[in-house]
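Try each one before reading its solution.

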Amino acid sequence: MEQALDITLTVNGTQVSRRVPARMHLIDFLREDLELTGSHVGCEHGVCGACTVRVNGDIVRGCLMLAVQANGCRVETIEGLSDSKELAALQKAFHERNALQCGFCTPGMLMAAQDLILKGKKPSREEIRNHISGNYCRCTGYQAIVDAIEEVINGQG
Amino acid sequence: MKAAAFAYAKPASVSEALELLRQPGARALAGGQSLIPSLNMRLSSPELLVDITGLPGLSGISFQGNSIRIGALTTHAQIEKSEEIREHVPLLSQAVPHIAHAAIRNRGTIGGSLALADPAAEYPACAVALDAVLVIKNKTAERRVKASEFFKALFETDLEPGELLTAVEFPVAGKSDRSVFLELTRRQGDYAIIGLAAHNSRIVFLGAGSTPILIQDISVQDPIAKAKTILAKSLNPPSDLYNSSATKLHLAGVLLERAWNKLST
């Protein structure tokens, strides 16, 4: 009999309690149990960054954290940050600069980009590229993504 | 892929964790940034995961006069941000940005990296270069092992079943000490093709063998040409999917040359 555990956590500001199998990843819990399908599942071993979510304010890989480990945590996903308008400037810049084509990487890319913006520094293009190095985009070639992030950072100036 | 089923326990204390780790098939789960991928790919299938995250006493950076003690659960991100580490163990500060990506550095831990002993990882090479001491506990005792004696073979360490790495101690760097960390990758955050962790004349390569490789009989007083000759005799890096042994050896020489000015002045 597979072990299941009870967890209680806050997801996008709402407290939720569920029973989850020990081996379930945070990202599968968010997508399948809570139907928050904005965060994507790509490689499932921490390489692609499509599952990037925020836990207690820090970005993490949703596929490299167990749902049980999120017990008591504050989890934020692309849905929460879109609804709160926290990502509005980035989303606008991504849209205007064509910084996405298929859009699969975009939720994770936005989470990583916002993490950099919140640091409040003025990163160079090289530093922007380093910060999103853990988020793969197979369509754009990254140029427009870096442009969009840079625009938002400069706009804040 | 999805991980195979396992049992999960979240102990409330280190002693409870050590009791659980005595069970056959038990494995400690720290940041999980290497363990969980290996579970997902079903390369490993422990029966019991003992989640040590959040255990009191295993996290944090403390200054102890001649050394800096870093708790095993201290994350890469915490080390990256630490002013104390920047000042007293600058080799680590230089190494951390090379570890994977921001989201992974937020969860991965120094203890996890050392205990896993990936030969391409940054911390094991730094620990050997700096002559760090690893603090290991089991149910009844604590022991201390020098980094140079800790890494035994590919992914093999001195850790015995039922033991837990609880902290690592680095000597504080003096004013005349020189530290250089360099790494070559195809993309930022990728596994190292080859890397160098050097503290004065203790020059260690990562990604160059089954453990961190300390180059014997090399001195920063020597001219670089002599050092490169010693390197060529001492290092025999295994080829990987993309780079031959000869390429890696050449790149090791390139890194040594880049490091030499800073090390020798």
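**Exercise 1.** Find the bridge partner of A:Thr10 in E5(A), and say in which sense E1(A) and E5(A) pair.

*Solution.* Bear in mind that this is a predicted model. Start at A:Thr10 and look across to E5(A): the partner there is A:Arg74. Next, check the direction. E1(A) and strand E5 (residues 74–76) of chain A run in the parallel sense, with two bridges between them.

**Exercise 2.** Work out how E1(A) runs relative to E2(A), and how many bridges join the two.

*Solution.* Follow strand E1 (residues 4–11) of chain A into strand E2 (residues 14–21) of chain A: they're antiparallel, joined by eight bridges. For one pair to look at, take A:Ile7, which sits opposite A:Arg18 in E2(A). Now go to the turn. Two residues lie between the strands of this hairpin, and A:Asn12 has a positive phi near 50°.

**Exercise 3.** Decide how compact chain A is, using its radius of gyration.

*Solution.* As for burial, 47% of the 157 residues in chain A are buried.

**Exercise 4.** Describe the side of chain B that touches chain A.

*Solution.* Count first: chain B brings 25 residues to the contact, and chain A brings 25 residues too. On chain B, strand E1 (7–9), helix H2 (35–40) and helix H6 (102–105) each give at least two residues. Finally, sort chain B's side by type: 13 nonpolar, eight polar and four charged.

Methods
Residues numbered from 1 in each chain as written. Chains lettered and ligands numbered in written order. Predicted model: local features only at pLDDT ≥ 70, side-chain atom pairs only at ≥ 80, totals over all residues. Contact = placed C-beta atoms within 7 Å. Helix = DSSP H or I, 4+ residues; strand = E, 2+ residues; numbered from the N terminus. Nonpolar A, V, L, I, M, F, W, Y, C, P; charged D, E, K, R; others polar. Pairing = 2+ DSSP bridges. Rg over C-alpha atoms; globule rule 2.2 N^0.38 Å. Buried ≥ 20, exposed ≤ 12 C-beta atoms within 10 Å, placed from the backbone.
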